[in-house]
Amino acid sequence: MAFRDLLLSTAAIATGLVGASDMSPAVAQTAPAAAATVAIDSDDIGGVVRGPAGPEAGVWVIAETTDLPTKFAKMVVTDGSGRYVIPDLPVANYQVWVRGYGLIDSPKMRAKPGQILDHAATAAPDAKAAAHYYPAIYWYSMLKIPPAKDFGGSTDIPKEVTRDAWLKQMNNVDCVGCHQLGQEATRTIPAQLGHFDTGEEAWQRRLQSGQAGDAMTNRIAGAFGGVPYKYFGDWTDRVAKGELPSEKPKRPEGVERNVVVSSWEWSTPDKYLHDLISSDRRNPTVNAYGPLYGSPEYSTDMMPILDPKKAEVTYFKMPVADPNMPLSLGPGHAGAVMPAADSAYWGGRQLWDTRANNHNSMIDRLGRLWLSASVRGMPNPDWCKKGSEHPSAKAFPIDTSARQAAMYDPKTGKYSFIDTCFASHHPQFGYDADETLWFSGTGPVAGWVNTKKYDETGDVKASTGWAPFVLDTNGNGKLDDYAEPNAPVDPAKDKRVPGGPYAVMPHPTDGSVWYTVGVFAGNPAFLRYDPKTKLSQIFNMPKEGRGIRGGDIDKDGVLWGSASNGSLASFDIRKCKGPLNGPTATGNHCPEGWAFHRYPGPGFEGETTSAEASYYTWVDHHNTLGLGDNIPISTANLQDGFVAYKDGQMVMLRVPYPMGFYAKGLDGRIDDITAGWKGRGLWSTNGDRTPWLMETGMGSRPRAVHIQVRPDPLAK
């Protein structure tokens, strides 16, 4: 099937399953008159939403309270007759209101659990008022892309920048890799930045703001010759003059109306979170009903811990082995110690002050937290370097690592330093008897910790190992001397490849470990490492995929990833027709293993692909959400939530409030396997580096969210 056919076929909408069509107008959807009341329990709020033309189907009803230890909200979707039930609310007083496409927010009314509360929906008075509530993608897709004739050195676009490279950077690699673009705060220019004659000048100043200002400016002004300033400026100028999105979102339909979203504020208003963890990926009943642990990355050493049952937030300060080590910012990191220029929101304040730099964490079968975190400065100890007797160092010495690992036991409060020689990023447990913890971010090597051996010995050095990524290009099935990455293939030798793993994915059954590579440089690909042979295989993404970021593996060994062409990419090694080793198996030998499945939402003008810039994809092995086993779920970073791929169709899982929700990962947990939908769900957190850009503005804290799918919109 051709690439365009793949995109169009997977964008088809199945009645009863998917309501994420992006071509239908956002008009009020009405249904025959509903019953006056709905059945509720003493901990529910329910009722009917009616508009000028009758009951309103597929709109959200949101209940929020500040009576609990931290701000809490719960939101549901109305059924085809405009009825709703917000189930299982903690005892508190709530503000309740209606939000939906084609509407403006209804007045907030006070209610408490056990009450019936009907709502009068308010139709949007004009297109501008209606568009205010559209997901960011509808605004971001208004950004113009330079025409093909402007590439190749004929204009001020650097000659080495191709149109595909430009589109990749406008997708999930650069700006949208850290922020949601298109929500109100980014489609406008903050007045606090001052007056500018053009939008281009405004964006030049805007990107200097804060501790990532140098990195943002160097990327746009350096690699892209400053040309994107003009296009971003044109975009915000047109928005300021009143231009509106050309496409409109459709309201939730089918199973999308069964979604229940709960959210809790945690962390602090001036810090962001990269991710959270709730359970053991392999055994999702671990830590049932337990606390959630946040990963603050560059922002702080204070790990927030949320008890969702009590709505309480506590903190654990992550230590480092050397308290005098420098902040984990600056060279080798995505931020500077001091802001490049004042923020429109925080002035010249230094907000990020971490040393631990916890990027991601995983929970093991005992409920302990294993962190990708710095424990020291970048120079490695001698046992990692050339001259060491450590087997891995003898094979491939490593001089520096920007981030190592740690283990935190909530039962004892003990925090242990796991001083790895390789750098770390995303960790994942394998399925082997050694409980091996594999890492991405390890540069030119596969890196791991044998956690069973560590538990038995406490010896980090003996429990840690790494190996370079080497292709079996001589085809003899074993590791031999190899040619270096910049050397041509030698038929008598193997061939080392640069690696650069971004996501790590241990295979559930065969012991291999897969990675996404080439995210920021080189060919985007899935790379396979075999711990038994220490040999690797690499499978380059076809050119039309443009790039890849986060990925995961399903129980059948199929790889899934967030592609840079607005689609969910999949790769199935079982479809490969040619040899998987030998001198021709260097990356481009299995295009037939790849497929692309278009995400919902509009695309840039002239593009058949979606403008959705998904950051990460995760596979639900154990039906933690309720859509079934083996369901790939991607972050929908420009659509305020997530998108699941089920039976060839996309299911939107939107967080309607606050607008601007942006996640970098997700996790599933089963709290009670006997409790049906109430005992399971997905967990995530807002991961935008600037949480104050959400609709709630300054003072907003990151939000942890629990997403559940009930059997029908009125289930309680």
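Tutor: Happy to! A disulfide here is a pair of cysteine sulfur atoms within 2.5 Å. This is a predicted model, in which local features need pLDDT of at least 70 and side-chain atom pairs count only at pLDDT 80 or more, while totals for chains, interfaces and linings use all residues. Residues are numbered from 1 along each chain as its sequence is written, and side-chain values use heavy atoms, with hydrogens and water left out.

Searching the whole structure gives two disulfides. With the bonded cysteines counted along the chain, their pattern is 1-2, 3-4.

Let's begin with the link between Cys 384 and Cys 421, where the S to S distance is 1.9 Å. The torsion about this S-S bond is about -70°, so the disulfide is left-handed. The two cysteines sit 37 residues apart and tie together distant parts of the chain: Cys 384 lies in the loop between strand 18 (369-373) and helix 8 (391-395), and Cys 421 in the loop between strand 20 (414-418) and strand 21 (427-429). Helices (H or I, at least four residues) and strands (E, at least two) are DSSP runs, numbered from the N terminus. Are these cysteines buried or exposed? Buried means under 20% relative accessible area, exposed over 50%, and partly exposed in between, using a 1.4 Å probe and protein chains only. Cys 384 has 0% relative accessibility and therefore counts as buried; Cys 421 is also at 0%, so it is buried.

The other disulfide joins Cys 576 to Cys 590, with S to S at 2.1 Å. Its value about the S-S bond is -100°, again a left-handed link. Cys 576 and Cys 590 are 14 residues apart, both in the loop between strand 34 and strand 35. Both of these cysteines are buried.

What about Cys 175 and Cys 178? The closest cysteine sulfur to that of Cys 175 is the one in Cys 178, 8.5 Å away, which is too far for a bond.

Strand 34 (residues 567-571) and strand 35 pair in the antiparallel sense over five bridges; two strands count as paired if DSSP finds at least two bridges between them. Within this pairing, Leu 568 stands opposite His 597 of strand 35. Both strands belong to an open sheet of four strands, ordered 32-33-34-35 with antiparallel pairing. Strand 32 (548-553) and strand 35 (594-598) form its edges, each pairing on one side only. On average, neighbouring strands of this sheet are turned by 25° against each other, direction ignored. For that angle, axes are lines fitted to C-alpha atoms, for helices over the stretch in contact, and angles run from 0 to 180 degrees between N-to-C directions.

Let's move on to strand 42 (residues 703-709). Seven of its seven residues are buried, so it is largely enclosed by the rest of the structure. In a regular strand the side chains alternate between the two faces of the sheet. In strand 42 both faces are covered, with Arg 703, Val 705, Ile 707 and Val 709 on one side and Ala 704, His 706 and Gln 708 on the other. Strand 12 (residues 259-265) runs antiparallel to strand 42 and is joined to it by seven bridges, with Glu 265 opposite Arg 703. Strand 41 (residues 680-685) is also antiparallel to strand 42, through four bridges, and here Leu 682 stands opposite Ile 707.

Ile 707 brings us to the cores. A nonpolar core is a set of buried Ala, Val, Leu, Ile, Met, Phe, Trp, Tyr and Cys residues joined through side-chain atoms within 4.5 Å. The largest has 69 residues, and Tyr 140, Trp 166, Phe 232, Ile 633, Leu 653 and Ile 707 touch the most other members. Helix 7 gives the most to this core, with six residues. Apart from it lies another core of 38 residues, including Met 325, Trp 383, Ile 418 and Phe 439.

Finally, contact means heavy atoms within 4.5 Å. Leaving aside neighbours within four places in sequence, Leu 653 has contacts that include Val 259, Ile 633, Leu 682 and Ile 707.
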